[in-house]
Amino acid sequence: MNDGQDLAFHQVRTRRVFEEICEQIRQRLASGVLKPGDKLPAERDLAVEFRVSRPAVREALRTLEMSGVISLQKGVKGGAFIRDGNPQLLTQSLQDLMFLGRVSLRSLAETRELITGVVIKLACERATEADFQAIEQNIDFIAGIQDLQQRGEAGALFFRLIAQATRNEVLMMLVDSMGDIVRYVVDKAGRKPRPELVPIRRRILKAMRARDADAAMKNMGEYLAVIHGDLEGEPVEVVRPGRSLQAVTRNAAVLRGGAVAKKMPKTEPKTVSKTTPKGTATAAARLAPAKVAATRAGRRAA
């Protein structure tokens with residue numbers, strides 16, 4: 001190596017204080033010292049323990065809140081609480097990446113097909129008769145309804161029941177997250193009746209009951225090919241950017257039976273007609289000044 005060769009080294013930068021705080025809290029969570037539902041010490045106590053400023057602690061807590069690790073609650077009994085694992089956070093992250101051009105719908109569909117294949121294979125090995133009965137009841141329900149939205153929600157449950165049969169919570173989370181995004185995109189593009197899917201669902205269940213993973217995977221591939229046929233366009237063509245977090249969270253909550261009610265203002269704002277020519281007024285508005293003047297005159301006379 002030449003003594004004068006430029007090694008292109010860069011200045012070494014230390015981790016920012018709030019990042020170190022986040023890392024230590026995550027380490028305690030990973031080690032089991034902190035568990036879902038636990039309350040962290042107050043902001044001032046954390047500042048003393050970490051020997052940092054309160055603004056640094058506040059920034060760390062906000063970062064952990066945005067990451068879904070903690071929930072910040074106000075009030076006398078408020079504070080920072082460790083949250084339960086929430087699959088919706090993965091859904092939100094995936095859809096945000098789609099909006100940023102990092103994940104295409106085609107890649108999402110391909111990944112869903114691969115993971116669903118693993119799920120089907122594992123479910124064929126581990127599913128119980130109770131699992132099969134739940135899936136069969138779901139299929140019967142879908143076959144008996146016509147409303148497209150209800151069929152979509154029941155279709156989501158179909159995948160969830162199969163994932164539950166694997167007894168693998170990570171696979172369940174992945175199936176839920178990818179399914180939520182696909183359903184959101186299909187809803188935006190416009191749902192279509194798919195009567196051919198009910199017989200395919202029945203064939204999938206029949207193969208699963210026979211513990212025939214190959215047949216179940218083949219039928220599931222046919223099922224997904226129908227669903228993913230609507231995902232040929234770019235995400236921005238069917239999904240409005242800027243609504244990822246709110247829309248996906250609301251959509252996932254509805255599918256899980258916990259619809260998030262939209263807060264509406266108690267009173268509607270007053271509107272001003274844009275068509276009224278300048279200088280004109282209603283009859284009531286024209287009479288108002290005269291009425292006030294007459295009232296004042298009467299008071300003076302009294």
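# Reading the labels

Reader: Where does R51 lie, and how is a helix defined here?

Author: R51 lies in the loop between α2 and α3. Helices are DSSP runs of H or I with at least four residues, strands are E runs of at least two, and numbering starts from the N terminus. This is a predicted model: local features need pLDDT of at least 70, side-chain atom pairs need pLDDT 80 or more, and totals for chains, interfaces and linings use all residues. Residues are numbered from 1 along each chain as its sequence is written, and side-chain values use heavy atoms, without hydrogens or water.

Reader: Why is R51 called exposed?

Author: Its relative accessible area is 79%. Exposed means over 50%, buried means under 20%, and partly exposed covers what lies in between (1.4 Å probe, protein chains only). With 79%, R51 is therefore exposed.

Reader: What makes the backbone of R51 worth a note?

Author: The phi of R51 is near 60 degrees, a positive value in a residue other than glycine. Most residues other than glycine have a negative phi. R51 follows α2.

Reader: Which other residue has a positive phi of about 60 degrees although it is not a glycine?

Author: R167 does. R167 is found in the loop between α7 and α8. It has a relative accessible area of 44%, so R167 counts as partly exposed.

Reader: Back to α2. How do you know that its buried residues share a side?

Author: Helix α2 spans residues 43-50, and its buried residues are E43, L46, A47 and F50. They cover an arc of only 105 degrees around the axis, so they lie on the same side of α2. The arc is that of the directions from the helix axis to the C-beta atoms. An α-helix has 3.6 residues a turn, so residues three or four places apart point the same way.

Reader: What do the buried residues of α2 pack against, and what does the face turned away carry?

Author: The buried residues pack against α1 (17-31) and α3 (54-66). A contact here means heavy atoms within 4.5 Å. The face turned away from the buried side carries the exposed residues R44, V48 and E49.

Reader: Why is the pair F158 and F159 called edge-to-face?

Author: Their ring centres are 5.8 Å apart and their planes stand at 85 degrees. Rings of Phe, Tyr and Trp (its six-membered ring) pair if their centres lie within 6.5 Å; planes under 30 degrees apart are stacked, over 60 edge-to-face, and the rest tilted. Both values meet the rule, so F158 and F159 form an edge-to-face pair. The rule gives three aromatic pairs in total. F158, F159 and Y223 form one aromatic cluster.

Reader: Are F158 and F159 buried or exposed?

Author: F158 has 0% relative accessibility and counts as buried. F159 is buried too, with a relative accessible area of 8%.

Reader: Which charges sit over these rings, and how do you know?

Author: R112 lies over the face of F159, at 4.5 Å from the ring centre. The charged end of R201 sits over the ring of F158, 5.6 Å from its centre. The rule asks for NZ of Lys or CZ of Arg within 6 Å of the ring centre and within 35 degrees of the ring normal.

Reader: What does buried T116 touch?

Author: T116 lies in helix α5 (residues 105-126). It is buried, with a relative accessible area of 7%. Leaving aside neighbours within four places in sequence, T116 is in contact with F159, M220 and L224.

Reader: What makes D176 and R160 a polar contact?

Author: Their side chains come to 2.9 Å. A polar contact is a pair of N or O atoms within 3.5 Å; within protein, one must be able to donate a hydrogen and the other to accept it, and residues adjacent in sequence count only if both atoms are side-chain atoms. D176 belongs to helix α8. At a relative accessible area of 11%, D176 is buried.
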